[in-house]
Amino acid sequence: MHVTHLSLADFRSYARVEVPLDPGVSVFVGANGQGKTNLVEAIGYLATLGSHRVSSDAPLVRMGAERAVIRAAVRQGERQQLVELELNPGRANRARINRSSQVRPRDVLGIIRTVLFAPEDLALVKGDPGERRRFLDELITARSPRMAGVRSDYDRVLKQRNTLLKTAAMARRHGGRSMDLSTLDVWDQHLARAGAELLAQRLDLIATLQPLAAKAYDQLAPGGGPVVLEYRASAEGPGTGREELYEQLRAALGDVRKQEIERGVTLVGPHRDDLVLMLGRMPAKGYASHGESWSYALALRLASYDLLRAEGNEPVLVLDDVFAELDARRRERLAELVAPGEQVLVTAAVDDDVPGVLAGTRYAVAEGSVERV
């Protein structure tokens with residue numbers, strides 16, 4: 001699978017730009033702030049419905065514009081599709097597939113799949129648990145686009161449940177009449193049902209990803225492991241099946257209900273879990289060196305790529321300003337590993353930062369223009 005054409009209107013710094021793309025390696029070269037990352041960010045948005053740089057859509061719309069449009073032509077074998085998203089901050093986004101407007105934004109998921117390497121990836125190792133949960137859930141959705149609906153259902157129920165708990169906590173603190181919390185039982189069931197599905201998918205993913213991540217780390221930093229991925233659940237238990245996980249979550253919610261009412265927040269569920277990244281006998285967070293942390297983050301991305309490729313739809317590989325962050329040894333190893341990809345998109349401030357093995361099409365990016373050179 002590869003993107004054959006990218007079209008942007010009022011996206012980030014681009015009033016309008018058309019970029020034809022080839023299979024193989026494409027390198028976008030330009031000084032910082034000229035819009036290189038905006039191009040690959042747009043492709044990533046079509047793949048995940050989110051940006052790797054910001055948490056909301058508003059910064060993605062060019063200043064002074066009301067909306068932004070991302071459009072890409074995608075080829076998989078003999079099949080070609082046109083996918084389009086219209087970003088409307090403060091209002092519902094719109095989606096089109098092959099010019100049809102009768103689709104939801106999440107219906108575009110799975111048409112484009114990407115694996116993105118970026119400087120922000122260091123947060124996978126050094127950042128908060130939310131960074132690692134997002135990594136897992138985006139990869140789950142790339143494997144199975146229907147999981148976007150499960151994630152949405154879980155977030156909706158969690159928000160409703162938290163609202164009820166917060167109201168109860170405020171009433172209690174101010175000495176008001178105690179609330180009828182019988183509806184919490186219903187919310188518990190809904191949260192546990194969606195949470196069990198999400199948790200089962202995460203556990204399956206980690207089991208599959210573990211050997212791939214260990215192999216990738218050894219390729220990047222021979223003899224530096226071992227790498228072990230450990231899932232730390234807020235609702236502990238031995239079960240791994242969906243019904244077992246459902247019962248575990250319901251029981252855990254019951255156990256902490258008193259504390260939840262006191263604090264006004266849901267204390268148990270996938271939104272409170274963490275993926276602990278072990279390097280040898282120690283957690284990488286807080287103990288791994290800067291170089292080891294980079295190798296670990298890259299290994300997770302390479303493992304993601306290997307997993308998606310093995311499941312039959314090779315993703316687009318995106319390397320966004322990564323080579324400038326790496327030493328010469330890791331730079332060459334990474335380039336050798338990704339060079340055979342069906343489509344590899346690279347951004348760099350200086351062409352010399354890109355290893356020679358990544359020869360391919362070059363684009364010059366400057367002041368809102370993208371020119372093939």
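**Close-up views of a predicted model**

View 1. Within helix 9, which spans residues 328-338, the buried positions are Arg330, Arg331, Leu334, Ala335 and Val338. Because these residues cover an arc of only 130 degrees around the axis, they fall on the same side of helix 9. Ala328 and Glu336, on the other side of helix 9, are exposed. The elements that cover the buried residues of helix 9 include strand 8 (114-117), helix 5 and helix 8 (290-310). Strand 12 (316-320) and strand 13 (343-348) are also among the covering elements. At the N-terminal end, helix 9 is capped by Asp327, which places a side-chain oxygen 3.2 Å from the backbone nitrogen of Arg329.

**View 2. The largest nonpolar core and the surroundings of Leu319.** The largest nonpolar core holds 73 residues, and those touching the most other members are Phe117, Leu229, Tyr296, Leu319, Leu334 and Val346. Helix 5 (residues 183-220) makes the greatest contribution to this core, with 14 residues. Beyond its neighbours within four places in sequence, Leu319 is in contact with Phe117, Leu334, Val338, Val344, Leu345, Val346 and Thr347. Two of these partners, Leu334 and Val338, belong to the buried residues of helix 9. Another core, of 39 residues, lies apart from the largest one; Val3, Leu6, Ala47 and Leu116 are among its members.

**View 3. Pairing of strand 1 with strand 2 and with strand 4.** Six bridges connect strand 1 and strand 2, which pair in the antiparallel sense. Here Phe11 stands opposite Tyr14 of strand 2. Strand 1 (residues 2-11) also pairs with strand 4 (residues 68-76), again in the antiparallel sense, over seven bridges. In that pairing, Leu6 stands opposite Ala72 of strand 4. Leu6 is also one of the residues of the 39-residue core.

**View 4. The hairpin of strand 4 and strand 5.** Strand 4 and strand 5 (residues 79-87) run antiparallel and are joined by nine bridges. The bridge partner of Ile70 in strand 5 is Leu85. Two residues lie between the strands of this hairpin, and Gly77 adopts a positive phi near 65 degrees.

**View 5. Arg362 and its contacts.** Arg362 is part of strand 14, which covers residues 361-366. Arg362 has a relative accessible area of 17%, and because the cut-off for burial is under 20%, Arg362 counts as buried. A polar atom of the Arg362 side chain lies 3.1 Å from the backbone oxygen of Leu358. Leaving out residues up to four places away in sequence, Arg362 touches Val27, Asp351, Val354, Glu371, Arg372 and Val373.

Key. Residues are numbered from 1 along each chain as its sequence is written. This is a predicted model: local features need pLDDT of at least 70, side-chain atom pairs count only at pLDDT 80 or more; totals for chains, interfaces and linings use all residues. Side-chain values use heavy atoms; hydrogens and water are left out. A nonpolar core is a set of buried Ala, Val, Leu, Ile, Met, Phe, Trp, Tyr and Cys residues joined through side-chain atoms within 4.5 Å. Buried means under 20% relative accessible area, exposed over 50%, partly exposed in between (1.4 Å probe, protein chains only). Helices (H or I, at least four residues) and strands (E, at least two) are DSSP runs, numbered from the N terminus. Contact means heavy atoms within 4.5 Å. The arc is that of the directions from the helix axis to the C-beta atoms. A polar contact is a pair of N or O atoms within 3.5 Å; within protein, one must be able to donate a hydrogen and the other to accept it, and residues adjacent in sequence count only if both atoms are side-chain atoms. Two strands pair if DSSP finds at least two bridges between them.
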